[in-house]
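Subject: The structure, and some notes on it

Hi,

Here is the structure I promised to pass on to you.

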Amino acid sequence: MQPTLSTLRVEDLRTTNDAMARCIRLATLAANSDVPIVLLGETGTGKTLLAHAIHNSSARAEGPFISFNASAMSDTLLESQLFGHEKGAFTGAQQALKGKFELANGGTIFLDEISEMSPLAQVKVLRVLEYGEFERLGSERMLKTDARIICATNVSLRDRLRQGKFREDLYHRLNGLTILIPALRDRREELAGLIAAELKASALRFGKEINAIHPAAMDCLMAHDWRGNLRELYHTVRTMTLFCDGNVIMPEHVHFPPDLNSAESSATVVDSNSASPPVRVDGSHDLSLASAVERHLRFVYRQANGNQRRAAKLLGISRATLSRHLRALDHK
Ligand SMILES: Nc1ncnc2c1ncn2[C@@H]1O[C@H](COP(=O)(O)OP(=O)(O)OP(=O)(O)O)[C@@H](O)[C@H]1O
Ligand SMILES: [Mg+2]
């Protein structure tokens with residue numbers, strides 16, 4: 001269920017996972033103080049959501065929440081976005097514009113993808129943090145801001161520092177508290193509950209009466225590695241709800257979005273017909289146990305995207321045994 005960012009508070013977040021519980025505890029501390037925070041987590045783990053929740057639970061809740069993504073922006077645009085400009089400050093500046101720091105006064109500024117900030121942006125942001133002062137482009141008037149800073153990154157800033165891509169002084173300024181948000185695959189015990197809750201919400205939204213998930217479809221969801229984390233989970237559950245034409249989610253309703261970061265890219269579509277016995281040339285069904293075992297092996301191997309370790313785990317057999325079975329199938 002998609003929470004509403006403008007009202008969500010840290011106290012509304014629930015988990016049964018230890019690492020996530022720690023993350024929520026730190027977020028509570030963060031909301032009760034004004035220290036700069038770095039939210040570190042893979043894409044889709046909930047950094048933007050947590051930044052809003054911290055702001056909404058803080059003493060600044062009535063103030064503005066201003067987001068800024070500094071990656072891939074020209075230096076002039078970046079300066080005018082962060083600090084604003086006066087009319088005529090540069091070609092095309094037909095109106096005066098307030099910058100993000102000015103807009104965030106009394107509230108929170110959320111600097112997203114901070115690790116991608118250009119060296120110039122890093123210098124400029126550092127100056128505001130050190131002195132709390134800045135000028136609009138084209139003006140010499142000093143403006144003051146009182147904005148609480150929350151940053152988000154999906155790569156370790158310490159690594160960027162070691163690579164010489166991030167300024168050490170800025171790193172220390174920003175890093176009052178780092179909150180690490182665990183990846184979804186590291187809190188698998190929450191998967192079933194999250195899927196069920198979103199399925200209920202999606203079915204309601206799309207006017208469908210879905211009351212179960214077929215065990216083979218559930219196996220497929222549980223075996224997935226969720227590189228896109230919660231975003232991917234919500235997307236997948238929504239599409240399977242749309243594809244479902246009965247009351248039960250079947251494996252063929254489960255489509256994972258292509259994973260752009262992975263070599264095992266292509267979307268996985270599972271054919272539930274593989275569960276019915278194959279028809280022989282004479283029209284009879286092959287009901288032998290060997291054929292059922294073979295079909296089940298192929299099915300699980302496909303669910304695991306050809307990953308032997310994962311397939312062996314799902315089957316409850318050793319990897320060596322699985323390899324032996326697969327070799328035997330290859331030679332058939
Ligand atoms: N604790 C949570 N409870 C419910 N939904 C959540 C939670 N955390 C994240 N979500 C949902 O998951 C999706 C991804 O979250 P979000 O956009 O905050 O991730 P992100 O880490 O900022 O991703 P990116 O790095 O791509 O910006 C959103 O739809 C958000 O509403
Ligand atoms: Mg985000």
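The protein has 13 helices and 11 strands. Please keep in mind that this is a predicted model. Of the 332 residues in the protein, 30% are buried. If you take the contacts between residues at least 6 apart in sequence, 69% of them join residues at least 24 apart.

Let me start with the ligand. Ligand 1 is surrounded by 15 residues, and the closest are Gly 46, Lys 47, Thr 48, Leu 49 and Leu 230. Two elements, α2 (47-57) and α10 (229-243), each give two or more residues to this shell. Which domains does the shell draw on? Domain 1 (10-182) and domain 2 (187-268) each supply at least three of the residues around ligand 1.

Strand β1 (residues 37-40) pairs with β8 in the parallel sense, over 4 bridges, and here Leu 39 stands opposite Ala 152. Strand β5 (residues 108-112) is likewise parallel to β8 and pairs with it over 4 bridges. In that pairing, Thr 108 has Arg 148 of β8 as its bridge partner.

Finally, two backbone details. Glu 113 lies in the loop between β5 and α5 (119-131), and its phi is near 50°, a positive value in a residue other than glycine. Why does Glu 113 count as partly exposed? Because 17 other C-beta atoms lie within 10 Å, and the partly exposed class falls between 12 or fewer for exposed and 20 or more for buried.

Trp 226 is the other one. Its phi is positive too, at about 50°, although Trp 226 is not a glycine. You will find Trp 226 in the loop between α9 (215-223) and α10. Trp 226 counts as buried because it has 23 C-beta neighbours inside 10 Å.

Best wishes

Terms used: Residues numbered from 1 in each chain as written. Chains lettered and ligands numbered in written order. Predicted model: local features only at pLDDT ≥ 70, side-chain atom pairs only at ≥ 80, totals over all residues. Near = placed C-beta within 6 Å. Domains from an automatic or database assignment. Pairing = 2+ DSSP bridges. Contact = placed C-beta atoms within 7 Å.
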